[in-house]
Amino acid sequence: MLKKLKIRLVILIIVTTILQVTLIPYISLHNVKPDLFYGLFALLILQFSNIQTILLAFIIGFLKDLFANNLFGLEIISLLIPALILPFIVKKTDINNPLVRFIILFISSLLAFFTLLTSIAVIEKSPEVINIYFMKILESSLYTAIISFVLYYFLKLFIPKKTEQYELF
Amino acid sequence: MLLNTTPFYSFLRNSVISISKPVLETSHFLFFNLTDGIRRLSNYAEIARMNEQLQLEVNRLRVDRIKYEELQDENIRLRRLLNFKETLKHDHISAQVIGRDVSSLSNWLILNFGYSDGARKDMSLIAPGGLVGKIISVGNTTSRAILIIDRQSKVSSIIQQSRDLGIVEGCGNGFLKLNYLNINSTAKVGDAVITSGFGGVYPKGLPIGTISLIGTEKNGLHLFAKIKPFVDFSKLEEVLCLKN
């Protein structure tokens, strides 16, 4: 069962990478495009536990770093922050409520984008980068949240949430 | 600069992109045709096609006009100097765009054109509209190129009409900014901006864009100009790599 889940995860990550590199440029609106990696990661936060999401943050971040043009490691950092914060919020909220789920997806993407932007600003020593890109990351986060909100229903079928089992007797 | 990552990571990135080249090429071909098909099927298909043709024609004529004016200016200057010697000629190789950057904060391309095809670092890329960018990293069968609209891109340029020099930098939002423009510049909105050739990377005379706004920097020492690029970077399918 666990092996099957791992294979499904690998397939999902590979498909996301291909779609992000080839399809996403065609669905960008006014130079604003969704980030499927952040979207996928936000969805996985809803499905997995703390430790698992941290591990996934490393894997997805590393893969994103391979296809990005920033200093190596920044993408991993940008995913680690939501991986550390969001599981606690998810635990205390009702993710079956569509509005709550959408807000969590949006916050997750925004947090990842903002961490990346802040890291770039610190490394490049140019705080104005945050002012220039802030509106763009808000728009991208919203777009990502909309796309991942739709994809949630597909992901639920592909990677079912691990339910807690109680002993009745 | 963030572009200067260690050789190991650069090698790793190039290797991964080279390995995934067949997959990227196939999926790019599929998605390009799919999106193109949907676009053509829509109600505005006819208008879109006509608009596309007209846009290409406008771009071609604009480039022709700029080239003509540039040649004319060059001719006059060289005649004055009585030292006419040089005519710009660049050999080029065609390359296909097979992938884009995964981050929303940067703008670069993956080309199906590597070291074995003749790709070299810092080769300039052009499209029918004008300058696109340059190659920043070369793998065996693929290469990565930075677009001039990326925030890390800098191009030494000149305003065609007023002959004022400046540095064109990417704004990250699809527009460009011409910095360090002389405070006494006579440049005006609508003027064309071309490469100056001073940076040593881009050849002289490649069209970049037109000035859409001029303002004074906060320090009051320089002017700046907002530039609308000639190339539509969202629709790049093929580029020409200029051999240095």
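Which residue takes a positive phi in the hairpin of β6(B) and β7(B)? In this predicted model, B:R163 does, with a phi near 60 degrees. Five residues lie between the two strands of that hairpin. Helices (H or I, at least four residues) and strands (E, at least two) are DSSP runs, numbered from the N terminus. Residues are numbered from 1 along each chain as its sequence is written, and chains are lettered from A in the order in which they are written. Local features need pLDDT of at least 70, side-chain atom pairs count only at pLDDT 80 or more, totals for chains, interfaces and linings use all residues, and side-chain values use heavy atoms, with hydrogens and water left out.

Strand β6 of chain B (residues 154-159) runs antiparallel to strand β7 of chain B (residues 165-170), and five bridges join them. Two strands pair if DSSP finds at least two bridges between them. B:S156 has B:I167 in β7(B) as its bridge partner. β7(B) also runs antiparallel to strand β8 of chain B (residues 176-182), through four bridges. Here B:E169 is bridged to B:K177 in β8(B). The hairpin of β7(B) and β8(B) again has five residues between its strands. In its turn, B:G172 has a positive phi of about 85 degrees.

Chain B also holds a barrel. Six strands close it in the order β1-β2-β5-β4-β3-β12, with antiparallel pairing. The twist from one strand to the next averages 45 degrees. Three bridges pair β1(B) with β2(B) in the antiparallel sense. B:V97 stands opposite B:L111 in β2(B). α2(B) lies across β1 and β2 of chain B, at about 85 degrees to β1(B). Axes are lines fitted to C-alpha atoms, for helices over the stretch in contact, and angles run from 0 to 180 degrees between N-to-C directions.

Chain B meets chain A through 36 residues, which are in contact (heavy atoms within 4.5 Å) with 34 residues of chain A. The two chains bury about 3,200 Å² between them, 62% of it on carbon and sulfur atoms. Buried area is the accessible area (1.4 Å probe) lost on putting two parts together, summed over both. One salt bridge crosses the interface. B:R151 forms a salt bridge with A:E124, with the closest N and O atoms 3.2 Å apart. The rule asks for a side-chain nitrogen of Lys or Arg within 4 Å of a carboxyl oxygen of Asp or Glu. On the side of chain B that touches chain A, α1 (7-19), α2 (21-41), β1 (92-100) and β2 (108-111) each supply at least two residues. The largest share, seven residues, comes from α2(B).
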